[in-house]
Structures are given as C-alpha cells and as structure tokens.
Amino acid sequence: MRIKSRIFPILSVITSALLSTAACKKDNTVQGPAVAPLSFVFQNRVNQEPVELGVGSYTNANGNAFSFDMLKYYISNIVLVTDDGKEVALNNHSLIDAANLGSEQLQFDSIPKGHYTSMHFQLGIDSLHNHNLDQAGDLDPVNGMFWSWNTGYIFLKHEGTYRNANNEWDQLLFHYGTDGALTAVELALPDVNLDDNGKRYTSTSISIKLVQQSEYYGLRHRPHSAKRFLYRSRLACQTNGKRSRRIQRRPG
Amino acid sequence: MFRLCLFCLLSLFILQCQKEDPPVKKQPTPFDLVIPKGLPAMNIPADNPMTVEGVALGRRLFYDPILSADSTQSCSSCHQQAHGFVDGNLQFSIGIDGQPGTRNAMPLFNLGWQRSFFWDGGAANMESQVVGPITNPVEMHEDLPRVALKLNRHPEYPTLFREAFDLPDTAAVTIPMLMKAIAQFERTLISGNSRYDQWKRGDTQLTAQELHGMDLFQDFEKGDCSHCHVLGSTFSDFEFRNNGLDSIPVDEGRFLITLLPNDKGKFKTPSLRNLAYTAPYMHDGRFATLTEVLAFYNSGFKDSPTLDANLKHAVKGRLSPEDMADIIAFLHTLDDPDFLSSPAFANPF
C-alpha cells in the first residue's frame with residue numbers, strides 16, 4: 001500500500017525566523033568590535049499552529065488530518081545581503097530537528113556589522129554536496145537524512161500519521177529530496193541593522209510551501225523501500241522520546 | 001593507610017611520567033597500491049588517501065559482523081573471496097532476518113575503476129555505497145547511530161580508527177570514517193593476473209580455441225561482446241544497458257534511480273573477469289551457466305523500446321555451438337585464481 005500524493009498535496013511548513021542581535025553594551029560607543037552576534041530561531045508551524053511532535057493534530061488544505069512524529073530538514077547556504085548588495089555567507093548546511101530544541105536555533109557569533117536588507121538560503125542540500133554521503137557534521141549519514149540506494153540527502157523528513165480515505169489513522173512518511181527539489185528562499189529583512197551598538201530586535205516570518213513536485217519521492221522506488229522507511233520511522237519514535245498515539249503499523 | 005598513601009603517591013608519579021612523556025604519535029603510512037600492467041591508473045579521492053592502517057582497518061571491518069544488527073553477518077557473508085566476492089552460487093543473498101534480496105550479489109574486484117555502484121548505479125561513489133548494505137532491511141539491517149556506538153565502545157576500534165586517520169586521542173569514530181576505511185580496502189581488491197593478463201605480458205600462451213574465442217568476442221557479426229565488455233582491462237564500459245532479458249522488465253533497474261523512461265530495464269555492464277567463480281549470472285542471477293548466457297545472447301534476447309542498440313541489430317542464431325564453446329574458453333582465460341587465494345584479501349580474524 002502506498003501513500004497517495006493526493007491525500008497530502010501541500011504541506012505548508014511555516015518557519016519563522018526571529019532575528020536578534022545579542023544585547024551589546026551601550027557604553028561601548030566608539031570603538032566597538034566590527035562584528036556582532038546574530039541568531040535565527042526556526043519555529044515550525046502548520047498554518048498558525050506550532051508543530052508538536054507526537055501530540056498535535058493538523059489539517060491540510062484538502063481537509064485531511066495529520067500529525068508529526070518527526071520533522072527534520074536542512075537549511076543551507078544562508079546569506080545576508082546588505083543595502084549596498086554585499087553578501088555575507090553564514091553557514092553551509094544545518095540540520096534542524098524539531099525533536100532537538102538546540103538545533104532549531106542557529107547562532108552566529110561574528111557577523112560583520114552592516115545594514116542588512118535581505119537574506120536568502122536553501123531548504124535542502126545543493127547539488128555540489130548532494131551526491132556524496134562521505135561528509136561529516138550535519139551531513140554525516142548518522143543523522144539518518146539520506147538515501148543509500150540512490151545517493152543523496154533527504155532534504156526534509158516528516159513522519160507521522162494521517163487519516164486515510166477509510167477515515168483510519170495510517171502511517172505518513174514524507175521524505176523530500178533530489179536536486180530538483182532544492183527550494184530557494186529569499187526574504188526581505190525589514191530592520192536588521194548591526195551598525196550601532198544599541199540592542200536591536202526584529203522579527204519576521206517566512207512561509208515555505210512544499211508543493212507536489214516530488215511528493216513521497218522515496219516510496220516510488222525499490223520494492224522494499226516502503227519497508228525501509230517504516231523501519232526508520234520506528235526508530236524516530238524512539239529517539240523523539242515521545243510515543244505516537246496513533247501510528248498504525250502496516251503488517252510485516 | 002600508609003600503604004594507601006604510598007600507592008597514591010606512586011600513582012601520581014606514574015601519571016606524571018605519562019603526562020610528561022606522551023607516546024610519539026605514529027603517522028599513517030601511505031599505502032602503495034600496485035596496479036598490474038594492463039590495468040589503468042586508479043583515481044583515489046583526494047579526501048580519502050589510502051594508508052596501510054586504513055586498508056587494514058577496512059579489511060577488518062569488511063569481515064566483522066559487528067556492522068549487522070544482530071552481529072551475525074559481515075560484508076564478507078555475501079561477498080566471499082573464494083567466489084570472487086559473490087555469495088557462493090546463490091541467486092539472492094539472505095539478510096539477517098532471513099529475507100532474500102532481489103538482485104544477485106555483485107562481485108567485488110577492480111572497483112576503483114567503476115564510476116558508480118550497485119547494479120543500477122544508485123550509489124554515487126564507493127564511500128557512499130558502504131552504508132547501503134549495512135542499513136538495508138533485507139541485508140545487515142542495522143542503524144547507523146548503533147553502528148557508531150558499537151564501534152566507539154569496542155576495545156580496539158577507536159584506537160585503530162585514530163591510527164588510520166591520524167586523529168587525536170579523544171576523537172570518536174564516525175560513520176564517514178567507517179565509509180572511508182572500507183572503501184580503502186575495497187580499492188585494493190584488484191584482479192589482474194589471469195592467463196589473459198599473463199598472455200598480454202608475453203608470459204604465457206593461449207590455446208588456438210581461446211584465441212579463436214577472443215576473435216569471436218570482438219567480431220561485430222558474431223559474439224559482439226566487446227562493445228560493452230571492452231576488451232583489455234576491466235572488461236566493462238560500466239555503462240547502463242538493457243541486454244534484452246525481458247520485453248517488459250520486472251526490475252526496472254537504472255530507471256529506479258534516474259526516473260528517465262529511456263533507462264527502463266538497464267543495468268550496469270558487469271566485468272567478465274572471474275566468471276568461473278561468480279555464477280549465477282545477470283542482475284537477477286537467472287542463468288546458472290555460461291552456456292545459458294551464450295545461448296541467451298545468441299538467440300534468447302528480447303526486443304523492447306530500451307533494448308541496447310548493439311542487440312537491436314544482432315542477428316539471432318549467428319553463433320554455432322562451437323563458436324559459443326570457443327567464446328567460453330576465451331572467457332575462462334579471464335579467471336584469476338591468485339585473486340581468490342591472495343592472503344591480503346582474506347579474513348583477518
């Protein structure tokens with residue numbers, strides 16, 4: 001049995017990035033350092049509801065109910081752009097894991113001061129890094145975000161349950177990836193000014209819509225691939241430390 | 001009490017001695033990979049240079065069942081040196097849970113010249129291939145965090161990894177290191193001392209039948225084998241081709257990787273070395289003997305939209321029984337018994 005893409009055509013993950021410069025001392029007026037810290041917090045939401053692993057229930061655009069047991073994704077190549085077009089690259093590949101609160105905050109200690117008006121990044125792994133699993137850190141296969149039978153990274157992994165056509169809860173496995181699925185995100189930064197030493201705080205939110213272009217990609221493949229993903233999902237439940245209420249396991 | 005204090009003092013003294021006199025760290029020794037004459041130079045990835053320690057570690061890991069979930073199977077369970085590193089004469093290997101795979105275990109030799117791995121080329125490089133069989137539920141069915149945990153808790157592996165990759169004493173074993181070590185060992189699995197190789201070097205003679213078989217092998221009107229199984233070194237172009245096994249392929253092969261309709265039913269051209277030890281043949285091991293294989297290429301191949309162009313034009317029944325016997329005689333000049341008995345590739349345990 002396969003999960004039909006129709007059932008779950010649009011997963012809208014709203015990620016809001018809170019940008020804040022850490023409080024700088026106000027008396028440090030003249031000769032402050034040329035850099036400032038900056039952090040991003042990724043908050044996962046479906047519409048307006050925060051994603052809660054194992055307990056929440058959400059509804060997609062088709063009115064189908066679904067839940068999350070796991071939500072992990074890669075944010076790559078974050079670049080800040082100044083008002084005069086200068087680009088500052090911040091990271092390579094960062095794995096955001098909803099089960100690991102620490103991973104949802106990306107902290108950068110020394111951003112060059114400047115007036116930043118926009119930023120861009122990618123959801124996923126760029127093609128330069130997507131065809132080799134022999135990579136360390138967040139790209140280490142130990143994170144489980146890869147396909148071994150078709151070398152590549154899983155850009156976004158959402159596992160949980162959904163209410164199927166028979167109105168029963170069934171297992172949901174959404175593994176999103178391949179080069180064509182790399183999603184570029186650009187957003188304007190209304191007020192991020194790291195020029196002065198006063199505390200600046202601003203927040204903005206962005207919406208990343210993952211539409212049907214490569215839905216349930218992995219499940220179309222090898223006969224045993226569905227089983228493989230089932231296996232991964234089981235592990236995920238353990239590592240989350242939360243038991244799903246509703247997972248209905250397929251026999252075998 | 002006094003004794004205890006003395007003991008403490010002594011311990012301190014010993015500890016201090018150790019602190020002041022740290023053991024000199026040994027650098028990994030570069031591995032001298034010998035390429036037999038007749039085989040091309042091998043490209044070694046810049047981020048995984050071969051070392052004596054790395055190859056030895058990879059060999060040990062290859063033979064260690066620690067990599068499977070229940071410690072019952074190692075890579076060598078299904079890739080046995082005595083069989084050119086295939087799984088005995090099994091059509092489909094059986095994983096730790098008793099489940100069979102869907103493709104014939106591939107022979108492991110001359111891998112450093114291949115551009116991709118698995119029958120469908122799904123693994124983009126040798127290092128990336130390593131985690132496939134370890135995690136596949138119908139193979140070793142293990143989970144990578146558990147692999148890392150087991151290796152780090154092992155009494156010897158952490159030291160062996162640090163020596164192989166020149167790491168500080170506190171460094172933990174990681175999955176990329178495991179991938180690198182096994183790939184290093186696999187690159188040493190070179191088969192290049194068959195009678196054909198010896199004949200090419202002028203060290204031996206081939207029989208008239210074998211030489212005639214070689215002519216037929218290359219003859220576009222006859223065997224026409226060398227279009228894909230390029231004569232001379234690796235005996236494969238390592239391209240993906242539909243060789244006409246089925247008009248509607250049960251296993252869609254390369255298509256499962258690329259999703260290109262033109263790739264349906266295509267599989268990687270295998271080498272023709274060591275055929276005496278690597279039966280059965282084809283991606284699904286459907287042919288038990290080379291006689292069956294030759295009969296298939298002579299008249300059994302089936303047309304389909306993606307059938308290889310060379311076979312589209314091949315005339316059925318173009319080979320006589322003698323022709324086929326001669327080609328088989330030539331193919332057996334590619335058997336390399338030295339490769340099967342080389343102690344460098346044997347189980348180190």
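Me: What makes the crossing of α2(B) and α7(B) left-handed or right-handed?

Reply: The crossing of α2(B) past α7(B) is left-handed. That term applies if the near helix is turned anticlockwise from the far one by less than a right angle. The model is a predicted one. In it, α2 covers residues 52-62 of chain B and α7 covers residues 157-165, and the two helices pack at an angle of about 145° with their axes 7 Å apart.

Me: Which residues of α2(B) and α7(B) meet, and what makes them count as meeting?

Reply: From α2(B) come Glu53(B), Gly54(B) and Leu57(B), and from α7(B) come Leu160(B), Phe161(B), Glu163(B) and Ala164(B). Two residues are in contact if their C-beta atoms lie within 7 Å. By class, this contact has four nonpolar, one polar and two charged residues.

Me: What else is in contact with Gly54(B), Leu57(B) and Ala164(B)?

Reply: Ala181(B) is in contact with Gly54(B), Leu57(B) and Ala164(B), and also with Gly58(B) and Leu61(B), when its neighbours within four places in sequence are left aside.

Me: What is the largest nonpolar core, and what makes a set of residues a core?

Reply: A core is a set of buried residues of nonpolar kinds, joined through C-beta atoms within 7 Å. The largest one has 79 residues. Those with the most contacts inside it are Tyr153(A), Ile154(A), Phe155(A), Leu178(B), Ala181(B) and Ile182(B). The helix that gives the most to this core is α8(B), with eight residues.

Me: Why is this core said to lie between domain 1 and domain 2 of chain B?

Reply: Both domain 1 (29-190) and domain 2 (195-338) of chain B give residues to this core, and therefore it lies between them. A second, separate core has 16 residues, including Met214(B), Leu216(B), Leu272(B) and Met324(B).

Me: How far apart are the centres of domain 1 and domain 2 of chain B, and how many residues does each bring to the contact?

Reply: The centres, taken over C-alpha atoms, are separated by 27 Å. Domain 1 of chain B brings 24 residues to the contact and domain 2 of chain B brings 25. On the domain 1 side, the residues divide into nine nonpolar, eleven polar and four charged.

Me: Which parts of chain B touch chain A?

Reply: The contact between the chains takes 24 residues from chain B and 22 from chain A. On the chain B side, α4 (126-129), α5 (131-135), α6 (144-153), α8 (175-187) and α11 (255-258) each supply at least two residues. Among these helices, α8(B) gives the most, with four residues. The chain B side divides into 14 nonpolar, seven polar and three charged residues.

Me: Which term applies to Asp251(B), and why?

Reply: Asp251(B) has 19 C-beta neighbours inside 10 Å. Buried requires 20 or more and exposed requires 12 or fewer, so Asp251(B) counts as partly exposed. Asp251(B) lies in the loop between β1 (240-241) and α11 of chain B. Its contacts, apart from neighbours within four places in sequence, are Thr102(B), His283(B) and Asp284(B).

Terms used:
Residues are numbered from 1 along each chain as its sequence is written. Chains are lettered from A and ligands numbered from 1 in the order in which they are written. This is a predicted model: local features need pLDDT of at least 70, side-chain atom pairs count only at pLDDT 80 or more; totals for chains, interfaces and linings use all residues. Domain bounds come from an automatic or database domain assignment. Ala, Val, Leu, Ile, Met, Phe, Trp, Tyr, Cys and Pro count as nonpolar, Asp, Glu, Lys and Arg as charged, and the others, Gly among them, as polar. Axes are lines fitted to C-alpha atoms, for helices over the stretch in contact, and angles run from 0 to 180 degrees between N-to-C directions.
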